[in-house]
Amino acid sequence: MKHLAAYLLLQLGGNASPTKDDITQALSAVGVEVDGADLDRMLADLEGQDLEALLESGNALLATFGGGGGGGGGAAAAGGEAAVEEKVEEKEEEEEMDLGGGMDMFGAEEGG
């Protein structure tokens, strides 16, 4: 997968047909080790192929796999509700605070 990703990135960067050395150099620049046998096999498979046609056929294959997943949203929603409840409780505590009725904001006595 890393070899194919490097191949596609090099093509996007303007290299119409990346060589083994191009891919090796690109991967080595970011500290990724290259498996020469896998890279040779990939380049042999891609040789003479139209990349856009390969991507389209692969895209059609992905559609057959189905979606799946979707169960991850429940936990996040529960956490959000707990946070809302916590805020409500915090507000109630602030409102319940009693100053004793004898304190004025400006220090003046009542009836003045």
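**Figure 1. Ser17, in the loop between H1 and H2.** The model shown is predicted: local features need pLDDT of at least 70, side-chain atom pairs count only at pLDDT 80 or more, and totals for chains, interfaces and linings use all residues. Residues are numbered from 1 along each chain as its sequence is written, and side-chain values use heavy atoms, with hydrogens and water left out. Helices (H or I, at least four residues) and strands (E, at least two) are DSSP runs, numbered from the N terminus. Ser17 is exposed, at a relative accessible area of 52%; exposed stands for over 50%, buried for under 20% and partly exposed for values in between (1.4 Å probe, protein chains only). Between the C-alpha atoms of Ser17 and Tyr7 the distance is 8.4 Å, although 10 residues separate the two along the chain.

**Figure 2. Tyr7 and the residues around it in helix H1.** Tyr7 belongs to helix H1 and is buried, its relative accessible area being 10%. Contact is defined as heavy atoms within 4.5 Å. Beyond its neighbours within four places in sequence, Tyr7 is in contact with Pro18, Ile23, Met42, Leu43, Leu46 and Leu51.

**Figure 3. The two sides of helix H1.** His3, Ala6, Tyr7 and Leu10 are the buried residues of H1. Seen down the axis of H1, these residues fall within an arc of 105°, so they line one face of the helix; the arc is that of the directions from the helix axis to the C-beta atoms. On the face turned away from this buried side, H1 carries the exposed residues Leu9 and Leu12. The cover over the buried residues of H1 includes helix H2 (20–29), helix H3 (36–46) and H4. After H1 comes Gly14, which has a positive phi, near 110°.

**Figure 4. Val34, in the loop between H2 and H3.** With a relative accessibility of 24%, Val34 counts as partly exposed. Setting aside residues up to four places away in sequence, Val34 touches His3, Thr24, Leu27 and Leu39. Val34 and Lys2 are 32 residues apart along the chain, and their C-alpha atoms lie 8.6 Å from each other. Leu27, one of the residues that Val34 touches, has its own set of partners: Lys2, His3, Ala6, Val32 and Val34, again not counting residues up to four places away in sequence.

**Figure 5. The two sides of helix H3.** The buried residues in H3 are Leu39, Met42, Leu43 and Leu46. Around the axis they cover an arc of only 95°, which puts them on the same side of H3. Arg41 and Asp45 are exposed residues on the face of H3 turned away from the buried side. H1, H2 and H4 are among the elements that cover the buried residues of H3. Gly48, which follows H3, has a positive phi, near 80°.

**Figure 6. The largest nonpolar core.** A nonpolar core is a set of buried Ala, Val, Leu, Ile, Met, Phe, Trp, Tyr and Cys residues joined through side-chain atoms within 4.5 Å. The largest one here is made of 10 residues, namely Ala6, Tyr7, Leu10, Ile23, Leu27, Leu39, Met42, Leu43, Leu46 and Leu51. At least two residues of this core come from each of H1, H2 and H3. H3 supplies the largest share, 4 residues. Tyr7, a member of the core, is in contact with several of the listed residues, including Ile23, Met42 and Leu51.

Figure 7. The chain has 112 residues, of which 11% count as buried. Where contacts join residues at least 6 apart in sequence, 45% of them link residues at least 24 apart.
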